[in-house]
Amino acid sequence: MATQFSPCSSSSAANFSTSPSFKNETQSYLTKSVIYPTRICYSKWVPQIRSRFHARKHFELNSINGFPLNAVSFQDGLAEEPKPVAMEGSSPFSGSRKEESSLSIIIVGASGDLARKKIFPALFALFYEDCLPENVTVFGYARSKMTDEELRNMISQTLTCRIDKRENCGDKMDEFLKRCFYHSGEYNSEEHFAQLDCKLKEKEGGRSSFRLFYLSIPPNIFVDVVRCASTSASSKNGWTRVIVEKPFGRDSESSRELTRCLKQYLAEDQIFRIDHYLGKELVENLSVLRFSNLVFEPLWSRNYIRNVQFIFSEDFGTEGRGGYFDNYGIIRDIMQNHLLQILALFAMETPVSLDAEDIRNEKVKVLRSMRLLQLEDVMVGQYKGHSKGGRTYPGYTDDPTVPNNSLTPTFAAAALFIDNARWDGVPFLMRAGKALHTKRAEIRVQFRHVPGNLFKRNFGTDLDKATNELVLRVQPDEAIYLKINNKVPGLGMRLDRSDLNLLYKARYPKEIPDAYERLLLDAIEGERRLFIRSDELDAAWSLFTPLLKELEEKKIAPELYPYGSRGPVGVHYLAAKHNVRWGDLSGED
């Protein structure tokens with residue numbers, strides 16, 4: 001059954017009209033003084049060092065392969081009016097103003113698993129690396145009754161320090177926990193948010209206040225929380241921003257309604273729709289790999305690339321989350337957001353600059369160029385119980401929170417196509433599933449066969465074995481490797497497939513930051529490059545909504561596959577239909 005989103009108006013909303021508009025108030029502040037904290041993770045936030053994105057307007061990447069740059073006019077509806085650029089040292093948390101400003105981070109839904117396992121640890125990691133300002137306060141907000149000390153005890157169990165900096169871990173942890181507080185309240189109570197506002201003002205001590213709300217809650221209460229926060233707990237002399245977790249609706253209609261309701265209280269540039277996969281190190285490196293290396297960009301088209309595969313697999317099932325998962329399924333949970341976002345980054349044209357809007361404009365163009373998904377280009381599966389090694393693994397419908405006759409897919413594969421000059425005819429294959437044989441997320445780029453290959457006799461009739469393949473392993477054990485053909489040392493002419501391998505843990509011994517760390521810091525800085533814009537979200541849902549409705553209306557039965565297997569057999573038939581062989585299922589990796 002579809003999740004019902006909160007109505008945009010309520011009885012308490014009448015009070016909102018008599019007070020200054022949260023949206024206009026923040027917009028007014030931003031118009032007068034556009035201020036973003038600089039990204040400097042040292043002991044102090046100093047004005048002498050630029051943000052890593054400050055100079056991006058002076059550095060533009062040009063296409064080198066003959067494809068035209070797609071500059072976007074402000075009349076096409078994709079770009080926004082240019083915003084003033086913060087001058088060096090204008091951060092509210094730097095220089096002489098650092099004592100005059102404060103940052104408050106409010107985690108709504110603080111008692112939940114996401115907050116405990118991801119958000120609080122990410123904030124502590126930023127604090128540990130001195131990436132947060134001196135006057136930072138973290139507030140947890142939820143319905144659960146809890147004291148400040150109980151919150152600290154709960155989150156202290158999940159806090160860890162960087163592997164290479166353990167010497168002052170205990171001191172840093174104590175210092176961070178002293179900045180964490182808790183307020184219990186209902187999500188739809190303006191009175192309770194007003195009480196939270198009083199506590200925030202007390203901690204802010206009269207300084208300029210900047211407030212970041214992280215909504216780690218179900219989507220059906222997003223609007224209630226935003227309404228109450230906007231009415232009763234917004235900053236009066238600084239910016240207020242809201243991070244929204246997925247799912248952003250179940251289909252195009254519910255997503256548009258949610259966006260419309262949020263925009264009654266927030267401006268678009270206050271809404272940060274988070275997809276944590278965009279904060280993964282290898283995903284962020286994708287653009288650098290392509291646009292900063294001459295060897296790759298000329299090959300990045302239908303002329304040399306035969307197919308692209310986006311693969312996501314988990315080696316565990318729903319594990320008690322079946323009630324939530326059954327309402328969404330693997331397509332909504334993984335493919336429509338994580339994998340599609342990575343596809344858009346992979347396939348986009350060279351942006352005009354590294355500015356957030358320029359990058360997101362190009363992603364939207366890719367999504368709007370994509371062919372609507374057809375049922376014959378999709379297959380779905382569902383894991384069943386299986387015994388292995390003396391242990392019995394339950395099936396999806398064995399989960400007590402899942403209906404016995406559920407047809408919700410826990411596995412899906414799809415072939416997508418981009419109808420533009422660069423990618424015409426190239427199949428982009430997605431595959432995502434739960435309860436599979438391994439945990440993996442990667443991008444595999446299979447190049448075309450070498451025309452007139454002099455060594456084809458050495459490979460026999462299976463030319464796929466001679467195909468070059470570029471692999472970006474997002475997780476685990478981040479790596480980039482290129483499969484090439486190589487002569488085996490010796491007197492004869494024997495060829496072998498070898499890897500040119502960049503294994504991150506070998507090349508970069510320092511621990512890679514978690515995706516949530518990067519995205520939280522970006523939200524604090526006002527950097528929107530890795531967050532999803534409303535038109536981008538709408539284009540993504542437009543691709544998948546007709547397919548999802550057809551699957552549900554026709555009650556398509558998923559193909560069963562054993563828990564811990566490589567997935568349903570039908571996934572190979574889908575790939576073969578498009579003359580593709582799954583790279584990770586070939587037995588070579």
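This is a predicted model: local features need pLDDT of at least 70, side-chain atom pairs count only at pLDDT 80 or more; totals for chains, interfaces and linings use all residues.
Trainee: Which way do C180, Y182 and S184 point from β3, and which way do F181 and H183 point?

Mentor: C180, Y182 and S184 point one way, F181 and H183 the other. All are buried. Buried means under 20% relative accessible area; exposed is over 50%, and partly exposed is in between (1.4 Å probe, protein chains only).

Trainee: Where does β3 sit in its sheet?

Mentor: The sheet is open, with six strands in the order β3-β2-β1-β4-β5-β6 and parallel pairing. β3 (180-184) and β6 (271-274) stand at the edges. Each has a single partner strand, so one side of each is left without a neighbour in the sheet. Two strands pair if DSSP finds at least two bridges between them.

Trainee: How many bridges link β2 and β3?

Mentor: Five, in the parallel sense. In one of these pairs, F139 has F181 in β3 as its bridge partner.

Trainee: Which helix lies across β1, β2, β3 and β4?

Mentor: Helix α6 (residues 190-204). It runs at about 165° to β2. Such angles run from 0 to 180 degrees between N-to-C directions, and the axes are lines fitted to C-alpha atoms, for helices over the stretch in contact.

Trainee: What counts as a helix or a strand here?

Mentor: Both are DSSP runs, numbered from the N terminus: helices are H or I with at least four residues, strands are E with at least two. The chain has 17 helices and 17 strands.

Trainee: R211 next. Is it buried or exposed?

Mentor: R211 counts as buried, because its relative accessibility is 1%. The residue sits in strand β4 (residues 208-215).

Trainee: What does the side chain of R211 pair up with?

Mentor: The side chain of E204, through a polar contact of 3.0 Å. A polar contact is a pair of N or O atoms within 3.5 Å; within protein, one must be able to donate a hydrogen and the other to accept it, and residues adjacent in sequence count only if both atoms are side-chain atoms.

Trainee: And what about L215, which residue is its bridge partner in β5?

Mentor: V244. β4 and β5 (residues 240-245) run parallel, joined by five bridges. Beyond neighbours within four places in sequence, L215 is in contact with several residues, including V108, F222 and V225. Contact means heavy atoms within 4.5 Å.

Trainee: Which residues touch the most other members of the largest nonpolar core?

Mentor: F176, F213, L215, F310, F346, F428 and F544, out of 158 residues. A nonpolar core is a set of buried Ala, Val, Leu, Ile, Met, Phe, Trp, Tyr and Cys residues joined through side-chain atoms within 4.5 Å. Helix α11 (residues 329-347) gives the largest share of this core, twelve residues.

Trainee: New topic. How many strands are in the sheet with β16 and β17?

Mentor: Nine, in the order β16-β15-β14-β13-β7-β12-β11-β8-β17. This sheet is open and its pairing is mixed. β16 (495-503) and β17 (559-562) stand at the edges. The twist averages 20° from one strand to the next.

Trainee: In what sense do β15 and β16 pair?

Mentor: Antiparallel, over nine bridges. I484 stands opposite S498 in β16.

Trainee: Last one: where is E527?

Mentor: In the loop between α15 (515-525) and α16 (534-553). E527 is buried, with a relative accessible area of 5%. A polar atom of its side chain lies 2.9 Å from the backbone nitrogen of R529.

Definitions and conventions:
Residues are numbered from 1 along each chain as its sequence is written. Side-chain values use heavy atoms; hydrogens and water are left out.
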